[in-house]
Amino acid sequence: MNKRILFLATTFFMLGGCVTGYTLVEPGQHSIDTMTVNASSGWNLAPGYAAPGTRKNAQVWTQDGLLLDRLVFVPAVPDGEPILLSNAKDAALPVFHKSMLPNEIEELVESTIVKFFGEGQAAVSTSKLRPHRFGDHRGVMFDISAEVTESPTYNGIVGAFIANDELYIMWYFGAEPYYYDKHLADAEAIISSATLAALN
Amino acid sequence: MLLCGSPALAEKEPLDHKIPPGYVPEEARDEQGLWMEFEEMERTLNKSALLVRDADINNYITEIVCRVAAAYCNDFRVYVIRNPGFNASMTATGMMQIWTGLIIRANSTDEIAAVVGHEIAHYTRLHSLQRLRDMKKKLAAGSVFDLAVILATGYSTPLGQMTAMMSVLSFSREQETEADLLGTRILAEASYNPHASYKVWQRIIAEEEAAAVKRRKPSAFSQTHPATQQRASYLESLVVSTYGEDDAESVADEKLLAILNNHYLFLMEDQLDTNRFGRTKELLERHREIGVEPSLVYYFYGEMFRQRNEEGDMQLAMDSYLHSIEAGAPPPDAFKSLGYLHLKSGDNTAAQIQFRKYLEIDPTADDRAMIEFYLEE
């Protein structure tokens with residue numbers, strides 16, 4: 001009997017954790033760890049359990065649901081660590097190095113997104129690597145596309161900069177057709193607006 | 001033909017096809033149901049973004065399939081899937097999938113044909129149907145066992161069903177051995193080199209040994225198959241005893257080389273994106289040996305060393321890009337990557353020289369804005 005009570009209590013508390021669902025992200029300025037972004041429209045902040053693999057201080061926003069669009073913010077990735085996390089010891093996740101140049105950031109993201117969808121489950125390509133200033137920091141933006149097995153194709157954009165030897169990276173993915181275009185302008189404006197809060 | 005003349009194999013290997021060409025199930029309802037499932041799967045596959053639609057690659061693979069399949073050729077629809085892993089599969093309906101990872105791992109067309117022969121043998125031996133029936137029987141028995149456990153102890157456990165699943169897997173390994181044996185026979189009958197049937201596994205072993213990060217689970221193709229080493233050994237014994245030692249002259253496989261040379265960039269970029277540098281290096285070694293365009297192979301050596309970023313790798317990468325350029329037909333990105341390496345080492349002048357060459361060769365490069373940023377600095 002005692003075991004049953006313990007089981008029910010544990011289940012209750014676990015489910016209690018799950019009911020923390022999506023929360024509204026109001027238009028305006030938002031701090032994500034040490035990074036600040038400006039949103040001109042409202043988004044929904046996904047709970048951690050809905051976006052497994054994201055780092056503790058990362059946030060995932062969406063408009064129409066994570067399968068259709070997602071805006072991901074990963075602040076302050078330390079030197080030698082991956083952008084996403086995995087429990088699998090053989091995942092061979094690519095890691096960030098503080099000396100990375102723009103082309104290497106592009107490759108890091110490409111390989112990371114392959115791992116995100118599952119190795120062999122997606123062909124990911126990047127294009128239009130271009131310079132972009134994030135506040136006081138030189139950074140880059142580029143386009144990304146993921147052709148995924150048994151899933152829509154996702155197109156997106158990525159913004160990234162290195163500050164204090166840490167990587168600040170954001171990306172937007174939208175499903176083709178329709179959803180990518182629907183939120184692109186909004187998402188691009190938010191990514192472009194990113195700055196390091198402590199220095200601004 | 002070679003097989004019929006071999007008493008040794010005739011004794012050891014009585015296997016033959018179970019169904020005639022053009023087979024369609026007419027009576028068994030479970031088999032008809034299985035076909036409907038696979039037909040639905042094929043409709044989905046037809047829409048996959050990862051389907052390789054390039055005519056060269058599809059014609060190359062389809063030609064191999066038809067040659068090995070002989071009278072069964074029209075039973076198969078071949079789908080080449082963009083996936084850098086090592087795999088091929090076949091359904092009861094004749095839907096064959098070949099992953100691009102098989103193409104980059106083969107040293108010859110014969111090795112691709114060996115895998116194709118194995119898959120065709122699964123089809124003609126009705127292995128999917130056997131598995132379905134075996135699984136149904138064992139799961140039913142497992143459920144009875146689980147029910148007995150619940151009645152006796154009051155606890156619910158899926159132990160019986162789990163055991164049933166394990167035994168289905170084990171049975172499947174027997175089927176894999178059958179497919180190996182019949183596959184090797186039809187490979188030889190199609191006048192491909194039967195020695196390819198074990199060489200393809202020897203290469204998988206070599207790749208696993210070269211891997212920096214070992215996979216905890218074997219690849220999709222290997223996990224239901226006999227242990228790779230064991231399989232390579234028994235196939236080698238079988239082939240040598242039946243067909244004699246491999247005395248085939250080592251000549252360039254022009255068809256495979258044409259496919260690799262024409263599509264190397266996307267094939268190897270997918271491999272590079274796996275971030276598995278030991279494996280990629282092993283593949284590059286093989287491609288260099290079999291005669292893939294050196295400019296392409298050395299370009300990817302450069303990419304692999306640069307991305308691996310271990311001690312000494314920057315110099316190895318730089319040397320590789322220079323080799324690629326000296327070989328005469330480098331991709332434009334070889335100049336760009338070399339430029340970035342110079343930039344990293346602090347030699348901005350050398351970097352700008354390479355960046356200018358890159359833009360000269362590829363004036364419409366989609367990262368022109370980034371390169372011009374560095375040229376203006």
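A residue is called buried if 20 or more other C-beta atoms lie within 10 Å of its own, exposed if 12 or fewer do, and partly exposed in between, with C-beta atoms placed from the backbone. In chain B, buried residues make up 39% of the 377 residues. This is a predicted model, in which local features need pLDDT of at least 70, side-chain atom pairs count only at pLDDT 80 or more, and totals for chains, interfaces and linings use all residues. Residues are numbered from 1 along each chain as its sequence is written, while chains are lettered from A and ligands numbered from 1 in the order in which they are written.

**View 1. Overall content of chain B.** Chain B holds 16 helices and three strands. Helices (H or I, at least four residues) and strands (E, at least two) are DSSP runs, numbered from the N terminus. Two residues are in contact if their C-beta atoms, placed from the backbone, lie within 7 Å. Among contacts in chain B between residues at least 6 apart in sequence, 65% join residues at least 24 apart.

**View 2. The sheet of chain B.** Three strands of chain B form an open sheet in the order β1-β3-β2, with mixed pairing. Its edge strands, β1 (77-81) and β2 (88-90) of chain B, each pair on one side only; two strands pair if DSSP finds at least two bridges between them. From one strand to the next, the twist averages 15°. Axes are lines fitted to C-alpha atoms, for helices over the stretch in contact, and angles run from 0 to 180 degrees between N-to-C directions.

**View 3. Strands β1 and β3 of chain B.** β1(B) and β3(B) (residues 95-99) run parallel and are joined by five bridges. B:R77 stands opposite B:M95 in β3(B), and B:I81 stands opposite B:W99 in β3(B). Four of the five residues of β1(B) are buried, and this strand is thus mostly covered.

**View 4. Helix α3 against the sheet.** Helix α3 (residues 55-69) of chain B lies across β1 and β3 of chain B and runs at about 135° to β1(B). The buried residues in α3(B) are B:I61, B:I64, B:V65, B:V68 and B:A69. Seen down the axis of α3(B), its buried residues fall within an arc of 125°, so they line one face of the helix; the arc is that of the directions from the helix axis to the C-beta atoms. On the other side of α3(B), B:A55, B:D56 and B:N59 are exposed. Just after α3(B), B:A70 takes a positive phi of about 50°.

**View 5. Helix α8 of chain B.** The 15 residues of α8(B) (residues 196-210) should span 21 Å at 1.5 Å a residue, and the end C-alpha atoms are 21 Å apart, which agrees. The expected span of a helix is 1.5 Å times one less than its number of residues. Among the buried residues of α8(B) are B:Y198, B:W201 and B:I204.

**View 6. The surroundings of B:S337.** B:S337 is placed in helix α14 of chain B. B:S337 is buried, because 26 other C-beta atoms lie within 10 Å. Leaving aside neighbours within four places in sequence, B:S337 is in contact with B:G302, B:E303, B:R306 and B:Y321. B:S337 and B:Y321 are 16 residues apart in sequence and 7.8 Å apart in space, C-alpha to C-alpha.
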